[in-house]
Protein chains: 2
Amino acid sequence: MNFMNRTNPIGVFDSGIGGLTVVKQVASFLPSENIVYFGDTARVPYGSKSNATVIEYSIQDAKFLLKKNVKMIVVACNTASSAALNELKENFEIPVIGMIEPGARTALTKTKNGKIGVIGTYATINNKAYSKELKRLDKKINVYEKACPLFVPLAEEGLIDHKATELIAKEYLGELKELGIDTLILGCTHYPILSKVIQKVMGQKVTLIDSGTAASGIVEEYLRARDIKNPSNIQGEHKFYVSDLPAKFKEVADRFLGKPVKHIQKIDLEELIGH
Amino acid sequence: MNFMNRTNPIGVFDSGIGGLTVVKQVASFLPSENIVYFGDTARVPYGSKSNATVIEYSIQDAKFLLKKNVKMIVVACNTASSAALNELKENFEIPVIGMIEPGARTALTKTKNGKIGVIGTYATINNKAYSKELKRLDKKINVYEKACPLFVPLAEEGLIDHKATELIAKEYLGELKELGIDTLILGCTHYPILSKVIQKVMGQKVTLIDSGTAASGIVEEYLRARDIKNPSNIQGEHKFYVSDLPAKFKEVADRFLGKPVKHIQKIDLEELIGH
């Protein structure tokens with residue numbers, strides 16, 4: 001296989017549909033690129049699973065994308081990025097980009113008082129993924145982390161302007177606000193859907209960092225540095241694969257992608273596991 | 001294998017930890033019985049998955065319990081009960097009991113005005129599992145169903161007395177209340193954890209039906225009718241198996257079981273899938 005064909009798609013995977021917020025950013029930043037998305041909706045969520053399980057699933061997801069001749073892989077899932085990025089890089093020859101480093105780097109360019117907050121799933125927060133990366137990049141930085149597991153189902157339920165969401169956001173974010181952070185990393189690809197209420201609770205002076213947006217810039221850099229950008233001037237083609245197609249999928253997916261999701265295909269778990 | 005050994009355990013499975021509320025009821029009703037529980041925590045939740053996937057997973061879960069020589073199987077998951085009970089009964093020789101029929105039968109004995117509400121996951125509600133069963137048992141009954149997907153993560157997060165939970169409960173249950181139901185089936189094994197707030201929102205005149213409690217009575221009937229009750233007078237032994245052991249598991253499991261969960265063992269997904 002020649003992974004370096006410029007017209008080959010960028011592969012993006014996630015535990016479910018959250019990664020569509022990343023596709024939205026990548027597509028907006030790199031409109032000519034073809035994109036193949038895989039959402040592991042049969043096994044979602046990864047955020048409540050152990051590292052070993054997340055690594056196993058992530059390698060299966062990446063192998064599926066490789067069969068689609070992708071030229072690079074974007075791990076559009078913070079849980080998978082924090083648990084499995086090293087294993088993915090070791091197992092595959094093509095570039096693999098996670099959410100953690102781009103989000104951390106962007107946050108460091110934004111903070112003025114050196115106090116950065118990170119919110120995410122239990123898995124991402126327990127792994128201290130952002131905290132380790134931020135401190136690797138800048139030893140003096142202060143990082144405060146908080147798991148916000150209800151934000152995922154609230155985003156999927158579309159309770160974007162609901163009072164209950166605001167109360168839960170206050171519950172989760174109160175401590176970070178009191179600690180005086182000036183920058184908050186949305187360490188889960190679902191969270192940009194709730195950015196309005198998060199911004200309201202945190203106040204306008206706190207900068208929210210969307211890792212998907214941050215990662216899009218890095219994807220562009222990688223493609224340019226390796227000279228594998230798609231030279232086409234026509235709009236890239238986007239294909240979506242999922243391991244399960246539940247009744248509400250399309251409604252939620254459209255909200256996350258910001259436009260109707262077309263060309264969705266369900267694949268069998270057996271195909272994914274490779275038996 | 002002799003499935004009819006009276007001292008053999010009762011097998012109980014669920015997509016995750018919700019079924020522990022059923023174990024709690026079965027154990028309280030049948031204290032001498034040995035119980036083997038399997039929670040498919042690596043693939044939780046089932047409620048957002050398609051029927052085909054839920055059937056596939058349920059058969060794997062039941063096969064795992066059979067290896068533990070269970071004398072009957074309790075499907076302590078409404079989603080699996082509504083999607084897979086027939087397939088399970090066809091595939092296995094031992095008795096298989098779901099949540100739907102016991103919950104429906106109990107509700108019919110309680111309602112006075114013939115208006116029954118049902119709440120559950122999207123899968124359970126979309127399958128119209130309770131609605132079909134209630135109408136099969138009593139053609140004249142009026143059934144009103146509502147999916148309440150946020151109740152599961154709210155119960156797992158322990159937001160039992162939180163104002164946000166009450167607001168979300170009002171959002172979900174407002175219509176059922178206006179319709180004047182006098183009986184409400186908690187069609188998800190997580191929901192008994194939130195019964196206090198559900199009762200508050202619905203008012204004291206509405207009877208809540210916990211399918212786990214209802215099923216315990218049926219389990220006892222089955223065992224007696226087949227003469228396979230454990231004749232022992234000593235406290236039954238309870239063993240718990242899960243397909244993943246996330247960090248927060250024990251805390252949530254203890255809350256659901258109502259006492260500390262001991263003897264938890266993690267099994268590999270490979271073992272479950274049978275490859």
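Modeller: Chain A splits into domain 1 (10-98 + 213-273) and domain 2 (100-211), with bounds from an automatic or database domain assignment. This is a predicted model: local features need pLDDT of at least 70, side-chain atom pairs count only at pLDDT 80 or more, and totals for chains, interfaces and linings use all residues. Residues are numbered from 1 along each chain as its sequence is written, while chains are lettered from A and ligands numbered from 1 in the order written.

The C-alpha centres of the two chain A domains lie 22 Å apart. Domain 1 of chain A gives 27 residues to the contact, and domain 2 of chain A gives 26 (contact: C-beta atoms, placed from the backbone, within 7 Å). On the domain 1 side, the elements giving two or more residues are α1 (20-29), α3 (78-91), α10 (211-225) and α11 (249-257) of chain A (DSSP runs numbered from the N terminus; helices are H or I, at least four residues, strands E, at least two). That side of domain 1 of chain A holds twelve nonpolar, twelve polar and three charged residues (nonpolar: Ala, Val, Leu, Ile, Met, Phe, Trp, Tyr, Cys, Pro; charged: Asp, Glu, Lys, Arg; polar: the others, Gly among them).

Now chain B. Its strands β6-β5-β7-β8, in that order, form an open parallel sheet of four (pairing: at least two DSSP bridges). β6 (142-147) and β8 (207-210) of chain B are the edges, each pairing on one side only. β5 (115-120) and β7 (183-186) of chain B pair in parallel over four bridges. There, I116(B) has T183(B) as its bridge partner in β7(B).

Definitions and conventions:
Two residues are in contact if their C-beta atoms, placed from the backbone, lie within 7 Å.
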